[in-house]
Amino acid sequence: MTDTSNTRSDALAWVAGSDAPEKSALNLGFMALTDSASLIVAATQGFAQPYGLTLNLQRQASWAGLRDRLLSGELDAAQMLYGQVYGIDQGLGGPATEMAILMGLCQNGQAINLSQPLKQAGVTSAEALAARVRQGGAKLTFAQTFPTGTHAMWLYYWLAAQGIHPLEDVSTVVVPPSQMVAHLRAARIDGFCAGGPWGALAVEEDQGFTLATSQDIWADHPEKVLGVTREFAEQYPNTARALTMAVLEASRFIDESEENKRGTAQLISGSEYVDAPLSAIQPRFLGQYEDGLGHAWLDAHPLRFFAGGEVNMPWLSDGIWFLTQFRRWGLLKDDPDYLGIARRIHRLDLYRSAAEALGIAVPEQPMRTSTLLDGSVWDGSDPAGYARSFAIHARADGAAAIAL
């Protein structure tokens, strides 16, 4: 573990002063996913107590259930899907509730898997999948984890990049991540997009194969965030800052060494956390991939939790990207105030204060530039134009918009 004695000393002095947390015991929601690691480490390995916090981890069965408990106040904060936060804020699929993002939790590490029957039929490439869809007949059914979540957006984006219209050429359903492999085994779905370890477990149990990773779509893409309601952030700003500091320290610890990653993988595999075999968690945690088609590689953009703070910075451009995809797929009927919404949701003030107190560099500019798999460049500068730039999108009449 990093020598954090100076930081801890500062934290204890801070807790004793006027910046002490207004609320010391927090219910922290998480899902049975590999990328919940930083929350589990923060809560169980001594990273929260120096900041005057006790974190009570509460595993959730579905993203919808997590949302409902956060909005009802049963949960104070939670691991959340980037797009989920924006969807709740914009009232997509339910009453609008203003939200806040305290920090990013991870990048990369999700996967698109196809079923064993498709593998046996020779549908083992993007080209073969597109050909299978063009043949017509019964539509293939793909699962994602939440209508406005990251997995829905990665799945739709990837399919569209292959010339497959995700709202017209295939069917999609919502399935909690931990149930993906069971649905694949029962032939209820032909494929899914979800976080680890469920893609690796499908390969391990010979129930399917990984056709694409989310980092194939967007290297170092935004994924999960530490989310709270805006009301919580405004009512308990010191608590929100303390929580951010604890999770930032845990994130830095995980990424510090392979030894720490191995230990973290062992910890989260436990029955009270991810409840999955270590063999399905640890390899991809370390960037070691096998796709179930005989290919193995060390991924250049593996699941990561810190990367010098680059992962944790709540980039405004990351959030705005999800709004552009909501617009693309008909979830938003008009162009919203893209930048204004992001500036309100992303609590850059709290993040900057927490990061600087820990000696973590904070970029001066809250936008970053990325190139996605179809060659499109995203930098947040023209979201309305970007949203309109795609050849495949929801029909103007809204008939093919995503069902929520």
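Colleague: Which residues is Ser214 in contact with, leaving aside its neighbours within four places in sequence?

Modeller: Ser214 is in contact with Asn108, Gly109, Gln110, Trp154 and His221. They make the list because contact means heavy atoms within 4.5 Å. Mind that this is a predicted model: local features need pLDDT of at least 70, side-chain atom pairs count only at pLDDT 80 or more, and totals for chains, interfaces and linings use all residues. Residues are numbered from 1 along each chain as its sequence is written, and side-chain values use heavy atoms, with hydrogens and water left out.

Colleague: Why is Ser214 called buried?

Modeller: Its relative accessible area is 2%. Buried means under 20% (exposed is over 50%, partly exposed in between, with a 1.4 Å probe and protein chains only), so Ser214 gets the label.

Colleague: What makes the pair Ser214 and Gln215 a polar contact?

Modeller: Their side chains come to 3.3 Å. The rule wants N or O atoms within 3.5 Å, one able to donate a hydrogen and the other to accept it, and residues adjacent in sequence count only if both atoms are side-chain atoms. This contact is side chain to side chain, so it passes.

Colleague: How do you know that the space with Thr34 and Arg284 in its lining is a cavity?

Modeller: On a 1 Å grid over the protein atoms alone, a cavity is a set of points where a 1.4 Å probe fits but cannot get out, and lining residues have an atom within 4 Å of a point. By this rule there are three cavities of 30 Å³ or more. The largest holds about 90 Å³, and 13 residues line it, with Thr34, Gly109, Gly196, Arg284 and Leu303 nearest its centre. That volume is the space filled by probe spheres set on the points, which are joined across faces, edges and corners.

Colleague: What makes up that lining?

Modeller: The lining of the largest cavity has six nonpolar, five polar and two charged residues. Asp, Glu, Lys and Arg count as charged, Ala, Val, Leu, Ile, Met, Phe, Trp, Tyr, Cys and Pro as nonpolar, and the others, Gly among them, as polar.

Note on methods: 1 Å grid on protein atoms, 1.4 Å probe; cavity = no way out; pocket = protein on both sides within 12 Å on 5 of 7 lines; lining within 4 Å.
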